[in-house]
Amino acid sequence: MSNPSWRQFFNGLGFRVAALLTLALFPIGLIAVSLTHQFAQSADRRAEAALLALTGQAAASEEALIRSGYGTSKALASAMSSIARDVPTCNRIFSTFIDENPEFSFSGYVGADGILRCGSSAVGFDFSKNEVYQGMIADPAPRSDLIIDAPISKTAVIVVSTPVFRDGTFDGYVAVSLPHNETRAQLEQLPSERPIELITFNDEGEVLSAEGGLEGVEMRLPAGMPLIDFTTQARSSFSGRTNGGEDRVFAAVPILRHSVYAMGSWPHEHLTVAPGIAVATPIIFPIAMWLTSLGVAFFAVHRLVIKHIRHLSRDMRCFAVTRQHHDGPLDKTVPQELFDIDAAWRELAETVMREEAELEGTIHDKSVLLKEVHHRVKNNLQLIASIVNMKIRKAKTPEARQALKEVQNRVMSIATVHRSLYDTTTEGRVRADELLRGTVGKLLAAGVPNEANLKISQHYDPIVLYPDQAVPLSLLASEAATNALKYLGRHEEAPPSIDVRLVVSKSGRAVLSIVNSKGTPIVPPEQVRGTGLGTNLITAFTRQLGGRLEQIDEPNRYAVFVDFPIADFDADAADSDLSEL
């Protein structure tokens, strides 16, 4: 079973207004989500384009240096035929070139045997096992190579070399070295609001250098995208997440095509409407708009409607219990419609109290009249009983006195009912237990002399009946008690006994039982003369009650059981039953 407080919340006006607002704002929310998503994508594209441009500028500067190296190496190669044998002059030329061009780290002339004949440094060094030398022997043509661990500088360099021919025969080559970290220097000189991290790699996807060192560089690479995939692309930029889970913007450009590539990246900054309030997540706009609308709607509905409706509801509940209502003026902020409802409610309350007062007065008058009727009927019946008593005293035979005595008892039973109706606080009804205790109790107490040692037991459940059942029940109990006294007997040495009970069953019915002992008669047999009238009356009264009669005649006891429903007042049925008597 659901919680009543939750059910009340879901059925409340506030929840329904919130649900309607949510439905109304849903299309606007979808539009906000779409626009915010497009705005975020546009910002990401601008960031990617900016990073690509910066990385491209750095690569262009590097490419310009490489081209400058080509020109220099070509010019020096053309002069080698005349100065190669003059080692001091040759060394001076290469050293002067390095001094005047600090962006280059080395220049020199390597002979066909792989020995450095002259240069800016390390003259006489053997390059025969160097990959540049081996490539030049295999194909003597201008070329550029990336050397990760250069034999002289022990750093990564880009070597630009031009072959030297003498009489059509390969005589050696001029090599010019450009430090590979020159690209990072170029990036640092470019204007940027965010720090750029540069990573270089070769055509096999191997990292050559990384800002901050090679340790942990794998965690700073784009997740799920091998570097070798970028060697087949001219230029590319994208937003993604690193293997370490950081959101960044990446840009990849070639530095030396088919040899060296650079990848620049910077943190992916979420756009904000205010410091600390990110809007890169598209859902934040509609959520903020929805929450703001709900807050405004709740304040408006609660202040203008719900608060006053609850006040009116409390006033109604108070009126239902105490018949009083709040007379103070309503708040000036109450809408006119609620003013009209409150005025109608006050008018209704005044009408109800006025009509209830009139109704109470009418009921009081009727109650007084009804009590007076019962009082007069009781007095008249007692007068009849007194007349019958006078007749009893003048009767000459015991049979006549006994017959008149029975008539007197029946009249007094009816009088007792009307006296109970007069005294009772439940208008128009009578307590059956009090009624039977008065009529049957007096009848049993006066019916047998004290020397008989009669054992009387009585039990009555509290039952309220209307007169159409109270009168026949009282007469039935009187007749049954009279018969019980008439045929009362003593079994062996046990005292005679009469047991009278009125109980309520679970089915909403009542059971009257009167049981008397049998044996040696208490009343002399000559005074007992059965006419069958009592049995007929008991049967008729049972039928009037709408019940069932059961009589049990055993050697030691005689019992009468009457099972009847506790019915509402039905005057027509009561009149028809009385007519059958």
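In these legends Ala, Val, Leu, Ile, Met, Phe, Trp, Tyr, Cys and Pro count as nonpolar, Asp, Glu, Lys and Arg as charged, and the others, Gly among them, as polar. The model shown in every view is a predicted one.

**View 1. The disulfide between Cys90 and Cys118**. A search of the whole structure finds one disulfide, and it is formed by Cys90 and Cys118, whose sulfur atoms lie 1.7 Å apart. Because Cys90 belongs to helix H3 (residues 87–100) and Cys118 to strand S2 (residues 116–119), the pair ties together parts that are 28 residues apart in sequence.

**View 2. The largest cavity and its lining**. When the whole structure is searched for cavities of 30 Å³ or more, one is found, and the space within the largest cavity comes to about 50 Å³. Its lining is made up of Glu406, Asn409, Arg410, Leu443, Ser478, Glu479 and Thr482.

**View 3. Helices and residue classes around the largest cavity**. Helix H8 (398–423) and helix H10 (467–486) each contribute at least two residues to the lining of the largest cavity. By class, the lining residues comprise one nonpolar, three polar and three charged.

How values were computed: Residues numbered from 1 in each chain as written. Predicted model: local features only at pLDDT ≥ 70, side-chain atom pairs only at ≥ 80, totals over all residues. Heavy atoms only, no water. Disulfide = S-S within 2.5 Å. Helix = DSSP H or I, 4+ residues; strand = E, 2+ residues; numbered from the N terminus. 1 Å grid on protein atoms, 1.4 Å probe; cavity = no way out; pocket = protein on both sides within 12 Å on 5 of 7 lines; lining within 4 Å. Points joined across faces, edges and corners; volume = space filled by probe spheres on them.
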